[in-house]
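Hi,

Here is the model I promised to pass along. Have a look at it first, and my notes on what turned up follow below.

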Amino acid sequence: MRGRGVGAIAAVGMVGCAGAAPRASTSTSAGAGADAGASAGAGADAGASADASAGAGADASAGAGADASVGAGVGCPDDMVAMAAFCIDRYEAPNERGVLPLSLQTAGDGEAWCGARGKRLCTEDEWVRACRGPSGRRFPYGEVHRVSACNDDRPWITVSWGALAQWPRPAAIAEAERLFQADPSGARAQCVSEEGVYDLTGNVAEWVRRSDPPPGPGYDHVLKGCYWAGCYHEAEPDCAFRNSAHPGTFRTYEAGFRCCTERGT
């Protein structure tokens, strides 16, 4: 989505409709400002690491998108997909097909946005389970990376971290809009898991609750799924990749999230 004007930003983050200027999100966060302590080239994950156990499984149907009804089950809202013990949003927040995902978000923004809807951020383990599916795939769609199956092949654009650090001033919003290359949710039919969860790799990176002990205060979340320009230090955006370099207060142009909740009976 290039050449869009940015709408007035009244609160945290931005969300847009296909073909429209991004509109303001209503989420809030105690860690609202950009992380002034982020390292030079903060988008690059110096501590990024891949999960050592990429699950084995066969690609059931190369190039085939999952039906939107796959994964619907008892105990989950209609806009979520049922796993064994939890429900996960079918799309990245705001969880609407054909709508641009939220970006420029902190982990705190995600917790607040999900919490206001009776949900929460997914745990890392939940996110990985949804991505790999019951077959334990390396990618949500199969064992082999497919070029352009997901929105993970856009060119990297040089970032002005000084401009982004001015958030929520107009200069930061303008810079984030210049860098934004996400697709509307569900736009790529092949970018779907076995159970019908879309855009788990590529598009926007997704904040999740860290499943292993944090290395220090404020590092209770990590980013999963890479983003529209791929992964930092990894050739292919797979389900195992994690960006653990930043605290949850870090606000970066490519970060969004999706929500999870416990599955009812």
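**Strand β7 and its partners**

Four bridges join β7 to strand β8 (residues 221–224), and these two run antiparallel. (Strands are DSSP runs of E with at least two residues, helices are runs of H or I with at least four, and both are numbered from the N terminus; two strands pair if DSSP finds at least two bridges between them.) Before I go on, the ground rules: this is a predicted model, so local features need pLDDT of at least 70 and side-chain atom pairs count only at pLDDT 80 or more, while totals for chains, interfaces and linings use all residues. Residues are numbered from 1 along each chain as its sequence is written, and side-chain values use heavy atoms, with hydrogens and water left out.

Back to the strand. R209 has H221 as its bridge partner in β8. There is also strand β10 (residues 255–257), which runs parallel to β7 and is joined to it by three bridges; there, A205 is partnered with A255. Four of the five residues of β7 (residues 205–209) are buried, so the strand is largely enclosed by the rest of the structure. (Buried is under 20% relative accessible area, exposed is over 50%, and partly exposed is in between, with a 1.4 Å probe and protein chains only.)

**Cavities**

How many cavities of 30 Å³ or more does the structure hold? Two. For the method: on a 1 Å grid over the protein atoms alone, a cavity is a set of points where a 1.4 Å probe fits but cannot get out, and lining residues have an atom within 4 Å of a point. Grid points are joined across faces, edges and corners, and the volume is the space filled by probe spheres set on the points.

The largest cavity has about 70 Å³ of space. By class, the lining residues divide into seven nonpolar, three polar and two charged. (Nonpolar covers Ala, Val, Leu, Ile, Met, Phe, Trp, Tyr, Cys and Pro; charged covers Asp, Glu, Lys and Arg; the others, Gly among them, are polar.)

The second largest cavity comes to about 40 Å³. Among the residues lining it are C150, D183, P184, R188 and D199, and the classes here are three nonpolar, five polar and three charged.

**Salt bridges**

The count is 19 salt bridges, taking one as a side-chain nitrogen of Lys or Arg within 4 Å of a carboxyl oxygen of Asp or Glu. K224 lies in strand β8 and E124 in helix α2 (residues 124–132), so the pair ties together parts that are 100 residues apart in sequence. K224 is buried, at 1% relative accessible area, and E124 is buried as well, at 8%. Both belong to a network of salt bridges that links E124, R210, D212, K224 and R242.

R188, from the lining of the second largest cavity, has a salt bridge with D183 at 2.7 Å, N to O, and another with D153 at 3.8 Å, N to O. R188 counts as buried at 17%, as does D183 at 11%, whereas D153 is partly exposed at 34%.

Two peptide bonds are worth a look. The one from A93 to P94 is cis, with omega near 15°, and P94 sits in the loop between β5 (86–89) and α1 (107–115). The one from W167 to P168 is also cis, with omega near 10°; P168 is in the loop between α3 and α4.

S148 has a phi of about 70° and lies in the loop between α2 and α3, partly exposed at 37%.

Cheers

Note on methods
On a 1 Å grid over the protein atoms alone, a cavity is a set of points where a 1.4 Å probe fits but cannot get out, and a pocket is an open set with protein on both sides within 12 Å along at least five of seven lines; lining residues have an atom within 4 Å of a point.
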